[in-house]
Amino acid sequence: MTRNQSSATARRRGGLSKLLGAALVSAAFAAPAHAGVIDFEGGYIGPVGGMEVWQQSGFDVTFLANLPGNGEGYLVGAFMNMKDDPFTCIDMACPVNNQTTFYGALNDGYLDITRSNYGDQFQVKSFDASFIGGSPVLSSYPAVAGLLRVQGWRSDGSSIYQDFLLGGPTPGGFTFGHFDTTGAFANTSFIEAAFFGFVCNAQGSCSAFSTDRAQFGIDNIVMAEVPEPSTSLIVGLGLAGLMAAARRRKA
């Protein structure tokens, strides 16, 4: 999996516009990271082509295929809502326990996520996901139908990834599960992340980008925005100011 190259936009610049004391107090109580949720709610249900972009919560989600031109003009997925439009998943085995809109990555399509201000950092914390079967015959799937790999790129170009098992169907169909990232991956700051699927067979062998069957549904991606170094410095100065004020009161 190679990194999708995006065009960097100008960084937002901020400045102090109030008296220093007031700014320090505000910074001291500011949260060190702000969570953003990508839930794909917005009214649209239907097919998605390669290179189309969904913007939500300060993030850009680009829908791609591992093809020349990133699959531009090629069906890579669909916004699905089994409650409002069950025909968005006709002739497939889609998740049955999600009554909201989710994104279905089809035909080995994948998602590439960056902050809308490209280059700003974030952490991937959790998401909901399910395998999507290419056939409605539930008995044709193994106990582990697929894997979902989340790969993140640091600002220096290096990357790490974490894999998540997507189980086979219940008697009623495939179901969404909740997944939390863990360990080093959960605490690493990225400038770009990709979500892509593997399809597995009964022998436990899994492959990606080779069958058009590594399909998955994804929803409720929780990101933690990582403050820029200048913001962290202001927060630190704010805490130092409060501590100095407390010492003066004791004196």
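The model is a predicted one, in which local features need pLDDT of at least 70 and side-chain atom pairs count only at pLDDT 80 or more, while totals for chains, interfaces and linings use all residues. Residues are numbered from 1 along each chain as its sequence is written, and side-chain values use heavy atoms, with hydrogens and water left out.

The protein has three helices and 14 strands; here helices (H or I, at least four residues) and strands (E, at least two) are DSSP runs, numbered from the N terminus. Of its 251 residues, 45% are buried, where buried means under 20% relative accessible area, exposed means over 50%, and partly exposed lies in between (1.4 Å probe, protein chains only). The accessible surface is about 12500 Å², and carbon and sulfur atoms account for 56% of that area; these areas come from the Shrake-Rupley method with a 1.4 Å probe, and for residues only the protein chains shown count as cover. Among contacts (heavy atoms within 4.5 Å) between residues at least 6 apart in sequence, 73% join residues at least 24 apart.

Strands count as paired if DSSP finds at least two bridges between them. By this rule β6 pairs with strand β5 (residues 75–80) in the antiparallel sense over four bridges, and G104 is the bridge partner of A78. Strand β14 (residues 216–225) also runs antiparallel to β6, joined to it by three bridges, with I218 of β14 opposite Y103.

The whole structure contains two disulfides, a disulfide being a pair of cysteine sulfur atoms within 2.5 Å. C89 is joined to C94 with an S to S distance of 1.5 Å; this link is right-handed, with 85° about the S-S bond, and both C89 and C94 are buried. The other disulfide joins C200 to C206, S to S 2.0 Å. Its torsion about the S-S bond is about 105°, so this disulfide is right-handed. C200 is buried at 8% relative accessibility, whereas C206 is partly exposed at 28%. With the bonded cysteines numbered in sequence order, the pairing reads 1-2, 3-4.

Side chains of opposite charge can pair when their charged atoms come close. Three salt bridges are counted, each a side-chain nitrogen of Lys or Arg within 4 Å of a carboxyl oxygen of Asp or Glu. R115, in strand β7 (residues 109–115), is buried with a relative accessible area of 7%. R115 forms a salt bridge with D120, their closest N and O atoms being 3.7 Å apart; D120 is buried too, at 5%. R115 also meets E225 in a salt bridge of 3.7 Å, N to O. This second pair links distant parts of the chain, with E225 in β14 and R115 in β7, 110 residues apart. E225 is buried at 17% relative accessibility.

The remaining bridge joins R149 and D163, with closest N and O atoms 2.7 Å apart. R149 lies in strand β9 (residues 144–153) and D163 in strand β10 (residues 159–167), 14 residues apart. R149 is buried at 17%, while D163 is partly exposed at 33%. Through shared partners, salt bridges join R115, D120 and E225 into one network.
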